[in-house]
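Subject: Structure handover and notes

Dear colleague,

I am handing over the structure below, together with some notes on what was found in it. Please read the notes with the coordinates open.

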Amino acid sequence: MALRHSDVPGPDRGPTARPDVLAAARERFLTAGAVDSDKVRETIAASWWRSRSWNVAADRVQLPYTKDPNLETPLVHSAAPVLHRLQEQLSDVAVSIILTDVQGVILHRGTDDRVLADHLDRVQLAPGFSYAEQFVGTNGIGTSLEGGRATGVFGHEHYAENLEDLGCAGAPVRHPLSGQVLGVVDLTCWSRDAGPLLLTLAKTTAEHIEQELTTLAGLREFALFQEYLRACRRSGGIVFALNNDVVMMNDHARQVLAPEDQAALLGTAAEAMWGGRRASVEVDLPSGAKARMFCAPVDTDSGPAGGVVRVRLTEAPRELPPGGPAPRPLLPGLVGSGALWQRACDDVRAHYRSGEWITVQGEPGAGKLALLRAVHRHHDPAGRFQVLDAAEAARPSDFLTRVQQELDEHDGTLVLRHVDRLPGAGGRALAALLQRQRRAAVRSGRHRWVAATHQSLDHDEADLLRAFPGTVQVPPLRHHIEDLRELVPFLLVTLPSAETLTCSPAALQLLMRNAWPGNVAQLRQVLRTVVQHRRAGVIEPGDLPPQCRSVTRRVLSPLEALERDAIVRSLIDAQGRKNEAAQALGMSRATIYRKIRDYGIDLPR
Ligand SMILES: Nc1ncnc2c1ncn2[C@@H]1O[C@H](COP(=O)(O)OP(=O)(O)OP(=O)(O)O)[C@@H](O)[C@H]1O
């Protein structure tokens with residue numbers, strides 16, 4: 001069986017240039033940063049640029065390794081028979097059949113050819129290693145994950161020179177219901193043997209795995225549905241059932257529960273049922289009602305199918321004012337309804353109302369100051385709001401003098417920004433000053449609310465922390481990425497001359513797949529760059545700066561977002577101790593480590 005190039009090359013079929021010409025083009029790109037567009041296919045050139053922006057090494061392969069990748073997934077279960085059949089059919093061909101997860105981590109590699117297998121070991125194309133583009137550059141696996149489509153990469157098209165003897169064709173495998181990419185099936189052989197047939201075969205294999213997934217999903221959903229119906233017949237009360245893709249809810253639940261209570265129950269149920277445990281949980285609902293939930297996981301021969309939940313209301317909702325439930329107050333100048341962001345807003349408001357001084361912790365640009373300003377304006381629009389920035393003071397003593405003056409002479413809200421930038425002695429002096437002032441404010445009954453923002457305060461600054469009885473965590477943008485849908489139009493309106501600009505769904509998707517280390521401030525900066533060349537109409541992916549096209553993470557499903565929120569909350573409650581957080585969530589240590597990596601959770605110290 002031959003998998004060789006056809007005589008007529010094309011975008012999907014293979015390189016458009018001879019190997020020596022392509023090798024020269026690659027060399028030119030690596031040395032001079034220029035692409036010969038007539039010699040290099042567009043998909044490959046785009047991937048080379050991405051690889052370069054990720055600083056991938058072109059002269060060696062050194063990849064992250066995961067010791068125990070998760071093999072208990074529907075993808076692995078569904079792929080097993082398909083890959084096994086293909087392996088048998090290709091037993092006399094030097095080709096390797098590979099399955100990866102959505103991060104490009106290799107879950108399975110099969111080949112009967114010893115020489116090829118040895119070579120693949122040398123280039124770490126082996127179980128546990130990640131072939132994501134950001135680690136190894138242009139290749140069949142990573143490049144098809146980035147592009148979301150089947151892609152062949154042949155010989156010198158690879159970014160890393162150690163891969164130049166290989167030809168690989170990767171095809172994404174999608175979930176049949178949600179359409180989400182679950183992983184990639186990739187066929188790799190010697191570059192001299194590779195050709196369009198390889199890509200066709202990869203696509204067909206991906207389709208076969210998707211068919212298996214459909215059957216499996218059908219079986220799992222059917223099992224879940226049967227359990228759900230059984231619970232509805234038995235209970236007569238509130239019943240719902242859920243898994244990663246489906247939520248079922250009976251009429252009783254829809255009639256009795258306010259929408260925000262439904263969402264809260266679904267979120268708690270998803271958390272409670274991880275690890276396939278039965279659970280009975282007491283829940284305080286946003287409407288003021290209390291409920292007890294009985295969660296029962298549903299299992300099938302081919303893995304967990306989700307769970308069925310029965311709910312008993314143990315306390316009625318608060319008396320509502322006429323016209324329905326009291327909406328959450330809108331904080332002026334802020335948007336965002338993600339659970340973690342809302343929790344931060346609620347916490348700051350509660351501290352403001354109680355007059356308790358707080359520190360607000362979070363990554364740069366996460367919105368700490370914006371949140372404090374909004375809460376102040378909401379409660380006391382005409383009151384004084386003063387910000388003193390420790391990073392701007394020439395000397396710590398200048399900063400302390402200004403703080404003292406402000407506290408002596410004015411009421412209202414005082415925000416001490418970036419207090420972690422004060423050197424150790426300055427921090428201790430500030431702590432002593434604040435302790436004195438706080439006691440004086442309590443004695444005199446003056447309304448003087450002080451909050452300090454910081455990225456992280458370590459044990460050396462414990463004195464400073466003691467001056468503030470409370471701390472509120474503001475989540476990084478990637479932990480409430482769904483809020484991008486509200487933030488983008490909001491920020492566009494506030495940018496000069498961008499009032500009529502809107503963002504296309506495709507561009508928004510790309511923005512949502514970024515990690516945003518600089519948070520909302522970075523998003524604002526990106527939009528400002530876009531506005532420099534487009535002031536009206538619709539922002540398309542092509543309008544975004546290159547940093548946004550180098551996507552690093554996938555868009556999470558609503559249930560994944562809930563799971564991520566719960567992990568973050570639990571880590572915050574456990575002060576970053578992963579074992580403790582895992583225990584609180586009923587997860588194994590290995591699972592929480594894997595999920596932290598999958599969701600890109602990265603908490604400040
Ligand atoms: N939820 C939000 N809605 C609207 N604008 C926001 C939101 N969060 C942040 N912003 C905007 O993002 C920018 C950065 O926010 P802010 O200055 O409050 O960040 P910060 O956490 O205090 O940053 P740093 O630690 O660098 O001082 C500001 O322009 C702010 O108005």
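The notes below go from the overall make-up to single residues.

This is a predicted model, in which local features need pLDDT of at least 70 and side-chain atom pairs count only at pLDDT 80 or more, while totals for chains, interfaces and linings use all residues. Residues are numbered from 1 along each chain as its sequence is written.

Overall make-up

The protein has 21 helices and 17 strands, where helices (H or I, at least four residues) and strands (E, at least two) are DSSP runs numbered from the N terminus. Of its 605 residues, 40% count as buried; a residue is buried if 20 or more other C-beta atoms lie within 10 Å of its own, exposed if 12 or fewer, and partly exposed in between, with C-beta atoms placed from the backbone. Among contacts between residues at least 6 apart in sequence, 68% join residues at least 24 apart, a contact being a pair of residues whose C-beta atoms, placed from the backbone, lie within 7 Å.

The five-stranded sheet

An open sheet of 5 strands, with antiparallel pairing, has the order S7-S6-S10-S9-S8; two strands pair if DSSP finds at least two bridges between them. Its edge strands are S7 (247–249) and S8 (279–284), each of which pairs on one side only. On average, neighbouring strands of this sheet are turned by 20° against each other, direction ignored. Strand S9 (residues 290–300) runs antiparallel to S8 and is joined to it by 6 bridges, and valine 281 stands opposite methionine 293 in S9.

Two helices lie across strands of this sheet. Helix H7 (residues 196–235) lies across S6 (238–242), S7, S9 and S10 (303–315), and runs at about 25° to S10, whereas helix H9 (residues 259–272) lies across S6, S7, S8, S9 and S10, at about 50° to S9. For these angles, axes are lines fitted to C-alpha atoms, for helices over the stretch in contact, and angles run from 0 to 180 degrees between N-to-C directions.

A helix pair

Two packed helices are described by the angle between their axes and the distance between the axes. The axes of helix H20 (residues 578–585) and helix H21 (residues 589–598) come within 9 Å and cross at roughly 105°. That makes H20 roughly perpendicular to H21, since angles under 35 degrees count as roughly parallel, over 145 as roughly antiparallel, 65 to 115 as roughly perpendicular and the rest as oblique. From H20, Lys578, Asn579, Ala581 and Ala582 meet Arg589, Ile592 and Tyr593 in H21.

Nonpolar cores

The largest nonpolar core has 67 residues, and those with the most contacts inside it are Ala344, Val348, Val360, Leu371, Leu416, Ala451 and Ile567; such a core is a set of buried Ala, Val, Leu, Ile, Met, Phe, Trp, Tyr and Cys residues joined through C-beta atoms within 7 Å. Helix H10 (residues 339–354) gives the most to this core, with 6 residues. Leaving aside neighbours within four places in sequence, valine 348 is in contact with Val360, Leu371, Leu372, Val375 and Val472. A second, separate core of 55 residues includes Ala150, Val153, Phe154 and Leu182.

Helix H6 (residues 140–147) has 7 of its 8 residues buried, so it is largely enclosed by the rest of the structure. The buried residues of H6 are Gly140, Ile141, Gly142, Thr143, Ser144, Leu145 and Glu146, and they pack against H2 (42–53), S1 (95–101), H5 (133–136), S3 (151–154), S4 (166–174) and S5 (181–190). Glycine 148, which follows H6, has a positive phi near 70°.

Serine 47 is in helix H2 and is buried, with 26 other C-beta atoms within 10 Å. Not counting residues up to four places away in sequence, serine 47 touches Glu133, Thr138, Thr143 and Glu146. Serine 47 and glutamine 134 are 87 residues apart in sequence and 9.9 Å apart in space, C-alpha to C-alpha.

Glutamine 124, in the loop between H4 (114–122) and H5, has a positive phi near 55° although it is a residue other than glycine. With 19 C-beta neighbours inside 10 Å, glutamine 124 counts as partly exposed. Asparagine 519, likewise a residue other than glycine, has a positive phi near 60°; asparagine 519 lies in helix H17 (residues 519–533) and is buried, with 21 other C-beta atoms within 10 Å.

With best regards
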